[in-house]
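Subject: Structure for your review

Dear colleague,

My notes on it follow, arranged by region.

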Amino acid sequence: MAKYDPSTIEPKWQAYWDENKTFRVDDDTSKPKYYCLDMFPYPSGSGLHVGHPEGYTATDIICRYKRKCGYNVLHPMGWDAFGLPAEQYALKTGTHPATTTAKNIDTFRRQLKMLGFSYDWDREVNTTDPDYYKWTQWIFCELYKKGLAYIAEVPVNWCPELGTVLANEEVIDGKSERGGHPVIRRPMRQWMLKITEYAERLLDDLNLVDWPTGTRVMQEEWIGQSFGAEVDFKVNGHDAQVTVFTTRPDTLFGATYMVLAPEHHLVGQITSDAVSAEVGAYVEQAARRSERDRVQDVASKTGVFTGAYATNPVNGKSIPIWISDYVLASYGTGAIMAVPGHDQRDWDFAKTFDLPIIEVISGGNIDESAYSGQGELVNSGLLDGLSVADAKKTIIDWLESNQSGQGTVNYKLRDWLFSRQRYWGEPFPIIHTEDGEIRLAEQSELPIRLPETENYKPSGSGESPLSNVSDWVNVTLDDGRLGRRETNTMPQWAGSCWYYLRYIDPHNDEQAWDPEKEKYWMPVDLYVGGAEHAVLHLLYARFWHKVLYDLGHVSTPEPFMKLIHQGIILGEDNQKMSKSRGNVINPDDVVNEYGADAMRLFEMFMGPLEATKPWKTTGVDGVRRLLDRIWRLAVDPETDALRVEDSAAPDDIQKALHRTIKKVTEDIEGMRFNTAIAAMMELTNLLTKSNHHGRDALEILVQLMAPFAPHFSEELWARLGHQESIAYVKWPQYDAALIIDQMQTYAVAINGKMRAQIELPRDVAKDDALAQARGLENIQRHMDGKTIRKEIFVPGRMINLVVS
RNA sequence: GCGAGGAUGGCGGAAUUGGCAGACGCACUGGAUUUAGGUUCCAGCGGGGAAACCCGUGGGGGUUCGACUCCCCCUCCUCGUACCA
């Protein structure tokens, strides 16, 4: 082999790493730890696309670098393998989802190994493995015992076509995200997790983590904390009261009507006979539309008067009670007091139905629009003359002392719908006994395995296919009672909520993980994955983690300290890659043509990690050329002999070498891989141009390349005469003294325009520098006949002469 | 609407955070080597201009000796979100 040939050296070194367990990690607590986590993939049937290796290459570079810096690095990989596609494939072909999943995982693993990622494969986890989901079930038991899991009849997104209930995020425009089938709302018995109980801490503890601001903001908005008050309005002529939530209790005197959500439990009770038909029709119509549909049309307001009135506790005034779908049943109390003077939605509604509008905050013009700014309270009795902030305090005190309400904090966050009507998910460790008890499995009974079956069809009633497997569903308890297993399964999020903990101790069959190991490895230092998980996965995982923290199972309040989202890689046509557009790049093809190291380099060279950027196959030529050139610096392409000399590097090369060490080190730390590669290209260009083959220079360059192009670097390192893998060879250090220039090039400008350059000693005195600059020929020419007004001297950089 | 991010050569992108705009790479052009090249090497490559110079980082204003960088206004793009009381 004369030329650089990735197709022979890459498999060679992958085999070497496998055989020597080069990247196996021990719990060596004498070394500082670094836990670097990739979001594990769903092993789809189509295999890896080029987007996956982007994040994985970035973390692999960090990990390989950290190892060389003496860290004990945990860098694992696994499979988030439950999910609908394998089940749908089973329906179509009869292939068991486990078979499909195993096959897909084999493809993914092969592709990841092909790219030379330094995972500790002994720690691979698979969410569908009973030895894994045993502990997912165990965590559910812990949640249940803590009172955080409950059953509720909740209106859910029922998709008849898929025979399953979908999460809100899986419904787009009233259609299922997968397949585009119609979705309707229907109440169903569901498992819920009380994530709302953790709302405040999930919000506050965002301060403990180093996350992208966009992601933090999204989580904050999703949690949606707002401060306000609950106010009780007595319904006239009924033994009932309507409690509303408002963030503007200061505007209580401006409430001119109330609105209940159509689903509000009091609607039936308070509606007067005269309008019951009309109200009934409106309620029915609202029920047919999904919540998402209902909020589509923000501009126009609809609603119906119930015929009932309520009394404003603060002034005893009677105000009409309406129903409208602009009030959401699932937020706050499902009822509002309407203050059209100071809330645009209420204003729009009041205008539509000709309801009175009263000004209670001065400063706006309520004839034109609602005024939501600051101002002085007016028409508000005891609040008159106060500021908005003071009025809020005063009225909350008044409400509390008059038993008419209290200050509260409200959240947009809702409890987590945690059951799916599917086969291919974790079974709940729950038996419903004939006498109505909900019996949780003992730990010794876990895992509750998925039964083998040929029938994956949804029962149609809404129950999962598991209900078809009667000898699994029906059980007799030790005490002789009969029972039915829970037939719902857990959502795909379940397994991904805690996989990072299982990596710590993946083969433990006594417990989910050893607390001592957890203390050493947690928290995750760096977590890299797609921005599409900014809210759901990351919020759910944080929730579980906090519960586990409260139960003493983990030692840190937050699981993921630093978070980075890799950008999306577009097709060469600047469009999102998709099969239908035919612009998908297959990593296998790229590796075949250019090699894995070139693929890795190019993924990093394209641009900043977090940016969205288009793929360009000819661009791979550039990084491949880098590898070829470095190769030729070390190996004679004619004879395949090493052509390294032991001669010392001249000063300019020495300087460039140490500058490159500095640059690459800092860029890796800052995850600026594109500029790190550019720096190595510059060094390579210099060595090539200088025809320099010094051992010192080459060894350093190979070391710097090692995290980026690991096979290539191992091969050259070995050829350079080293017996050991380069993986743990100490990262090169730069000598700061060698980087300093004794002479520096200054730009000399007149009125800010660069007119000349001058070489000056590093420690040149200002006056000296200015004098020399003034003497330059081109400077003289530009100053001719003008007076110097000001002289700027920036040490090491430039001189600016201001003339007129 | 709201929130976050962005706009720099033909293209992807750099710019030590206020100090020589366009590093590095792709594409392209010219030259050398080669029987040949999707090879290698050398040189060029923002626009205008023989040149001196002039213009140039989405647009407009401002601060400054000096602005891709800071401030104000506007346009467009991408992502997220959407009556949350």
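At what angle do helix 22 and helix 23 pack? In this predicted model, helix 22 (residues 673-690) packs against helix 23 at about 155 degrees, and their axes are 11 Å apart. Because angles over 145 degrees count as roughly antiparallel, helix 22 is roughly antiparallel to helix 23. The crossing of helix 22 past helix 23 is left-handed. Helix 22 contributes Met680, Leu683, Thr684 and Leu687 to the contact, while helix 23 contributes Ala697, Leu701, Leu704 and Met705.

On the helix 20 side the contact is formed by Leu626, Leu627, Ile630, Leu633 and Ala634, and on the helix 23 side by Leu698, Leu701 and Met705. Here the division is eight nonpolar, no polar and no charged residues.

One open sheet consists of four strands in the order 6-5-9-17, with antiparallel pairing. Strand 6 (164-166) and strand 17 (416-417) stand at its edges with a single partner strand each, so one side of each has no neighbour in the sheet. Strand 9 (residues 184-193) pairs with strand 17 in the antiparallel sense over two bridges, and Met192 has Leu417 of strand 17 as its bridge partner. Helix 5 (residues 130-145) packs on this sheet, where it touches strand 5 (149-159) and strand 9; the direction of helix 5 makes about 90 degrees with that of strand 9.

Another open sheet of four strands has the order 2-1-22-23, and its pairing is parallel. Its edge strands are strand 2 (72-74) and strand 23 (560-564), each of which pairs on one side only. From one strand to the next, the twist averages 25 degrees. Strand 22 and strand 23 pair in the parallel sense over four bridges, and Val528 stands opposite Ile564 in strand 23.

Backbone details

Two cis peptide bonds may be of interest to you. The bond from Leu446 to Pro447 is cis, with omega near -5 degrees; Pro447 lies in the loop between strand 19 (438-440) and helix 13 (470-473). The bond from Met522 to Pro523 is likewise cis, with omega near 0 degrees, and Pro523 is located in the loop between helix 16 (515-521) and strand 22 (524-528).

Finally, Gln403 is not a glycine, yet has a positive phi of about 50 degrees. Gln403 is placed in the loop between helix 12 (388-401) and strand 16 (405-410).

With kind regards

Terms used: Residues are numbered from 1 along each chain as its sequence is written. Chains are lettered from A and ligands numbered from 1 in the order in which they are written. This is a predicted model: local features need pLDDT of at least 70, side-chain atom pairs count only at pLDDT 80 or more; totals for chains, interfaces and linings use all residues. Side-chain values use heavy atoms; hydrogens and water are left out. Contact means heavy atoms within 4.5 Å. Ala, Val, Leu, Ile, Met, Phe, Trp, Tyr, Cys and Pro count as nonpolar, Asp, Glu, Lys and Arg as charged, and the others, Gly among them, as polar. Two strands pair if DSSP finds at least two bridges between them. Axes are lines fitted to C-alpha atoms, for helices over the stretch in contact, and angles run from 0 to 180 degrees between N-to-C directions. Angles under 35 degrees count as roughly parallel, over 145 as roughly antiparallel, 65 to 115 as roughly perpendicular and the rest as oblique. A crossing is left-handed if the near helix is turned anticlockwise from the far one by less than a right angle, and right-handed if clockwise.
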